[in-house]
Amino acid sequence: MHFTNEDIGRVRVAAAPDPMWEIVNSFQALVTGRNPLMFGDWRRRVRQRLPPACKLLGPLLPPLGYFPDFLTPDLGGTFDLDHAVGTVLDTPRSTMHAHLAELAAARSRTRPLPPVFRSLADGSPEALSQLGAALHTYHRNALAPFWPRMRAQLETDLAVRARAVLGGGTDGLLGGFRPVLRWRPPVLEADYPVERDVWLRGRGLLLQPSFFCVRTPVTLATDEPVPVLVYPIQHTLGWARERGTGLGSLIGGTRAAILEGAVSGRTTGELACRLGVSAAAVSQHTAVLRRCGLLLSVRRGKHVLHTITPAGLDLLGGRPGVPVGG
């Protein structure tokens, strides 16, 4: 990636995981079987629960080579799942048709795309509904049960990036990605399956952390207004193992994660982004926690701020930030 001086001032790191990139990267990690030490426990648990509706994703997300860029759109900084899937389904028909045609013509493809993809390219409401259902179903079964643990490790990565910026600005940030990325001003290099040059030309760069990005970074095949480079984060071994006890077993993983997130005070939108669920779902859970005396909610302008009560802290074990079952 070739930078100009203007690009240096327009480098950003996404503040949250992108649900569509996690769907894409995790599905490919699921079918390839790569990195068994890190993802083996997760694969075994997910393969037992994945419904047939998710089979639609197989032809869309081959383990190698091109996948359609419309599956990972610019979400405008809003990372809840409903918004993400809605943005995918609102892709202009001409764009979806072009991306699916490129997928059908990919050299790595060994068999034709199923007929439903022609209907999808034509904008069929039924085909779009099937795609939306497949994305939601996959996320619910493969990612949502693990989302609080994934989010915690992503936040650790963001803390590392923030320290790099404080200590060395953009130069320190880009230099801190070794060995995944190599910053040799004005060029950022990465190991990649194909030889490619990306000229930023003043558009800047969005660095998107991804829990399921494996080994090498990923970028879109098409030219975007703001280029995105998805990079892998470090993981903690055993992150996907079963947890027999914990707060999540008592009140549910999502409510436990909301309580943990509210220790430092978070808005409904921030909690939705942290957990990868809709704001409406967060509101339902916070209402239950509030009625039980575990949470306080106050309006601040357009937002509702949620903070944990002493009773909620006691339930967490009395220590803010204690990991709980997910």
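Me: Which exposed residues does the face of α13 turned away from its buried side carry?

Reply: That face of α13 carries A280, Q284 and R291. Exposed means over 50% relative accessible area, buried under 20%, and partly exposed in between (1.4 Å probe, protein chains only). Helices (H or I, at least four residues) and strands (E, at least two) are DSSP runs, numbered from the N terminus. The model is predicted: local features need pLDDT of at least 70, side-chain atom pairs count only at pLDDT 80 or more, and totals for chains, interfaces and linings use all residues. Residues are numbered from 1 along each chain as its sequence is written, and side-chain values use heavy atoms, with hydrogens and water left out.

Me: Which residues of α13 are buried?

Reply: They are V282, T286, A287 and L289. These residues lie on the same side of α13 because they cover an arc of only 165 degrees around the axis, the arc being that of the directions from the helix axis to the C-beta atoms. Just after α13, G293 takes a positive phi of about 80 degrees.

Me: How should I read the sheet formed by the three strands?

Reply: Strands of a sheet pair through backbone hydrogen bonds, either parallel or antiparallel. Here the open sheet has the order β7-β9-β8, with antiparallel pairing; two strands pair if DSSP finds at least two bridges between them. β7 (266-267) and β8 (295-300) stand at the edges with a single partner strand each, so one side of each is left without a neighbour in the sheet. Six bridges join β8 to β9 (residues 303-308), and R299 stands opposite V304 in β9.

Me: How many salt bridges does the structure hold?

Reply: Side chains of opposite charge can pair when their charged atoms come close. The structure holds nine salt bridges, a salt bridge being a side-chain nitrogen of Lys or Arg within 4 Å of a carboxyl oxygen of Asp or Glu. One of them joins R44 to D41, with the closest N and O atoms 2.5 Å apart; both residues lie in helix α3 (residues 36-47), three residues apart, about one turn of the helix.

Me: Which parts of the chain does the pair of R266 and E155 link?

Reply: For this salt bridge, the closest N and O atoms are 3.8 Å apart. The pair links distant parts of the chain, with R266 in strand β7 and E155 in helix α9 (residues 147-175), 111 residues apart. Salt bridges that share partners join R151, E155, R266 and R274 into one network.
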